[in-house]
Structure formats: structure tokens, C-alpha cells
Amino acid sequence: LEQAARARADLAAEMKRREREPAADRVQVRAYARSWLLGRLPKLKASTQARYARDLDKVIEGLGDIYVDQLRLSDITSWLSRRIESEAAGTVNGYVRVLRTMLADAQVEFGLKHSPMERITIYPDKRRKKAEQKDGPENMLSADEMGRFLSELRKRFPQWYALAFTQFAMARRFGEVSALRWEDIDEEKEIVTIRRAQWNGIVDTIKTDDPEKPTWGGWGGRFGGS
């Protein structure tokens, strides 16, 4: 017991010494988060860049002054607990995901034994689960209902008809449809090919599928329109 007490006291003294005298190669979460994001930016889509930057701003606000090798599970869980009191689960889960990715890289870069994120899971998102439960066949438009909607849209807001019709018919994202060019449309074969997407005017590649694979064809007569 005496030996254990001495070892415990020595360890506590060493931890305090390291806190007072940080080594030159140690870095705070604030500095590492910024350098990590800069290294990641070229590989990310513009929308993902914006999301990572937004989430990391919150991480820096709450954990930025802690050294990466001193960041503990308790630090993160305490901070996340405060965030979940005032923010939606989906928003806080964004912090969890970006922290998990960043600290996994830090673990490799700094030779850490483990990541403090290993035992942290995402928060149950009740709103999303409720929305998914409602997303059944009873909440989907039939082809006839879709046709009537598009017909009314064409009368009232003709400037949006082509965009809405294409989104409905192709079941594609707004960013993909709004990035279409005339060369993507083969009128003779009745084929539209999604090759790119845009976010806030920044054009990039699409998230899924082969960009050269035709994604929609034979539009004549669908949904009560042509």
C-alpha cells in the first residue's frame, strides 16, 4: 500500500509538471483543428467544407484550450452534455462525427494510445426517427397526384416548372438538377445524364453513381406532362 501510494503521488506530480511545462511538440485542440481542416479541405466538397468548418468552430469554442494529448473522455462528454441541452441531437451529432474523425487522425499523428472518442456514440435523434417513421407510402405522391401538382405549378409558377418536373421525374437532388447543362440532355434518345452538382454556386462532382452513366430516360408522357 505504501509503494502504491508513493507511485500514485509520483504520477500525479508528473502530470502536474507536464501541465505546467508543455513540451514543444504538443499542440492545443484549437491549433490542431485548424491545421487539420486546412489539410482536409482540398479533398472535401464545398458543402462538406462548410459543415466541417461550422462544427469545428463549436469544438474550438468548447475544447480549444486543451492540449490534444491531454484531452479526456470526461472533457468531451461534459462539453457534449452542455451542447445537447440547447441544440438539436442532429447538430450535436455533427460535432461528434467531426471530432471522431479529427481525433482518429491525431491518434496516428501523435502516437496516442487511444482516442478519447472511442466510447462516445451519437445521440438518438427523435425528430429524425419520427420523420422516417412517417415517410411511408401513405405520404408519397402517386403519379396522378404528382401530375396534378406539376400541372398547377406550370400555371402559377411557370419559371419553376422545368426544375420541379426534372427533380420529380429523376428523383435527384436540387444541387444536381440545378447544375445541368444543355450538353447533358440528349433529346433524340430522351436521356438526361447527371455529371455534376452545385452548392451555393460552386460546381463539383456528384456524391454517388457513375457521373457518365445516364440517370434518366424516356420522359415522354410521364406524370401528365411531356
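Analyst: For the angles here, axes are lines fitted to C-alpha atoms, for helices over the stretch in contact, and angles run from 0 to 180 degrees between N-to-C directions. The model is predicted.

The pair is helix 7, residues 143-156, and helix 8, residues 158-170. Their axes lie 7 Å apart and pack at an angle of about 155°. Angles over 145 degrees count as roughly antiparallel. Helix 7 and helix 8 are therefore roughly antiparallel to each other. The crossing of helix 7 past helix 8 is left-handed.

Now the contact itself. Helix 7 contributes Met146, Phe149, Leu150, Leu153, Arg154, Lys155 and Arg156. Helix 8 meets them with Pro158, Trp160, Tyr161, Ala164, Phe165 and Phe168. By class, this contact holds 10 nonpolar residues and 3 charged ones. It has no polar residues.

Next, the loop residue. Glu87 sits in the loop between helix 4 (73-86) and helix 5 (89-110). Its relative accessibility is 18%. Buried means under 20%, so Glu87 counts as buried. The Glu87 side chain has polar contacts with two side chains. One is with Arg83, at 2.3 Å. Another is with Tyr95, at 2.5 Å. Leaving out residues up to four places away in sequence, Glu87 touches Val92 and Tyr95.

Definitions and conventions: Residues are numbered from 1 along each chain as its sequence is written. This is a predicted model: local features need pLDDT of at least 70, side-chain atom pairs count only at pLDDT 80 or more; totals for chains, interfaces and linings use all residues. Side-chain values use heavy atoms; hydrogens and water are left out. Helices (H or I, at least four residues) and strands (E, at least two) are DSSP runs, numbered from the N terminus. Angles under 35 degrees count as roughly parallel, over 145 as roughly antiparallel, 65 to 115 as roughly perpendicular and the rest as oblique. A crossing is left-handed if the near helix is turned anticlockwise from the far one by less than a right angle, and right-handed if clockwise. Contact means heavy atoms within 4.5 Å. Ala, Val, Leu, Ile, Met, Phe, Trp, Tyr, Cys and Pro count as nonpolar, Asp, Glu, Lys and Arg as charged, and the others, Gly among them, as polar. Buried means under 20% relative accessible area, exposed over 50%, partly exposed in between (1.4 Å probe, protein chains only). A polar contact is a pair of N or O atoms within 3.5 Å; within protein, one must be able to donate a hydrogen and the other to accept it, and residues adjacent in sequence count only if both atoms are side-chain atoms.
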